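Hi everyone, thanks for coming. Today I'd like to walk you through one protein model, step by step. Please have a look at it on the screen first.

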Amino acid sequence: MGISPDNVHGLVLAVSSSVFIGSSFIVKKKGAGGHSYLYEPWWWAGMIVMIVGEIANFAAYAFAPAILVTPLGALSIIFSAVLAHFILKEKLHIFGVLGCVLCVVGSTSIVLHAPQERAIESVKEVWHLATEPGFLVYSGVVLVVVSVLIFRFAPLYGQKNMIVYVGICSLMGSITVMSVKALGIALKLTFSGSNQFIYYQTWLFTIVVVFACLLQINYLNKALDTFNTAVISPVYYVMFTSLTILASMIMFKEWDSQNASQIVTEVCGFITILSGTFLLHRTKDMGNAPNSKSSPETPVSTKENSTTSANTEEQQMAIF
């Protein structure tokens, strides 16, 4: 079974999104560190590039299934690592190269075996899928677990265990992506001449997207402020992508049209991407270790501190 035209469109948009988002990290790093980054043209140029990437990612969900689009987000790490090697002179270690290769191999496996996008003629069809018993049960479980995490566990364990904050973001993220996909389909149909904004369902999906996004951003920033970004990033990617694929399988039933061999290949491709992502994050500083001859008690300069602060704030806005 070949790749459908819609899947090709979604693939191109998803890869373009990764290129833009990965490039935005490099563009923003070209500016000065510290809180003065807000006055840096490079930083704003990076933000614009990132916004373009997020728009492309949003559009990709309107054409292709989530199991194709969501895992390809890992490609932004590759583009960022490769560009940093050549532009910022941040050495890409051999294990980093292996991580990039694993991400590419896993992405290729998913692309070649991804299910076809369901033909949808109205946002009402998406609403029907969203209100079927299976997805209602999933949404109910997500809301209950998120509420318990926010009101019970976050005050007690939020500062000690990253799974609390990351869990909130990942669970809500799966609902966000389903709503984003519904809104993207509504926009695609509207631009094709069939106005979907006359239906109240489109506005309900829009409200869910806004609310869920704000909740995610809030708790993701808390996680990044509290824990090491190098640990948060891969864990969030794994949980968010896994839950998003699960939600998509329940709501859109994308695996119903596939055989066991195709499904197993997609799962193996996803696991390969996860392996590459963890490898990239775990070894990203191996080639940039400080000189061993320098004293471990040597204080870090103010400029280095401010640069670290700026980079952390960039990651807070970009990782979502």
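Let's begin with a word we'll need throughout: a residue counts as buried when its relative accessible area is under 20%, as exposed when that value is over 50%, and as partly exposed in between. Please keep in mind that what you see is a predicted model. The protein has 320 residues, and 45% of them count as buried.

Now for the overall build. How many helices and strands does the protein have? The secondary structure comes to twelve helices and zero strands. If you read the elements from the N terminus on, you simply get α-α-α-α-α-α-α-α-α-α-α-α.

One of the two joins the side chains of Lys-181 and Glu-117, with 2.7 Å from N to O.

Glu-132 belongs to the loop between helix 6 and helix 7 (133-157), and Lys-253 to the loop between helix 10 (229-252) and helix 11 (260-283), so here the parts tied together are 121 residues apart in sequence.

Let's stay with Lys-253 for a moment. Lys-253 is partly exposed, because its relative accessible area of 29% falls between the cut-offs of 20% and 50%. Its backbone deserves a glance too: phi of Lys-253 is near 50 degrees, which is a positive value in a residue other than glycine.

Now let's go to the surface. Which residues form a nonpolar patch there? They are Ile-94, Phe-95, Val-97, Leu-98, Val-101 and Val-105, and together they have about 510 Å² of accessible area.

Let's pick out some members of that patch. Val-105 is in helix 5 and is partly exposed, at a relative accessible area of 43%. Val-97 is also found in helix 5, and it is partly exposed with a value of 37%. From Val-97 to Gly-276 there are 179 residues in sequence, yet their C-alpha atoms are 9.2 Å apart in space.

Ile-78 and Val-101 are 23 residues apart in sequence, and 8.9 Å separate them from C-alpha to C-alpha. Ile-78 lies in helix 4, residues 75-87, and counts as buried because its relative accessibility is 8%.

Helix 6, helix 7, helix 8 and helix 9 (200-226) are the elements that give two or more residues to the lining. What is the lining like by class? The lining of the second largest pocket has 13 nonpolar, three polar and no charged residues.

Key:
Residues numbered from 1 in each chain as written. Predicted model: local features only at pLDDT ≥ 70, side-chain atom pairs only at ≥ 80, totals over all residues. Heavy atoms only, no water. Salt bridge = Lys/Arg side-chain N within 4 Å of Asp/Glu carboxyl O. Helix = DSSP H or I, 4+ residues; strand = E, 2+ residues; numbered from the N terminus. Buried < 20%, exposed > 50% of the residue type's maximum accessible area, 1.4 Å probe, protein only. Patch = residues over 30% accessible without salt bridge, like charges linked within 9 Å, V, L, I, M, F, W, Y side chains within 5 Å. Areas by Shrake-Rupley, 256 points an atom, 1.4 Å probe, with all protein chains shown as cover. Nonpolar A, V, L, I, M, F, W, Y, C, P; charged D, E, K, R; others polar.
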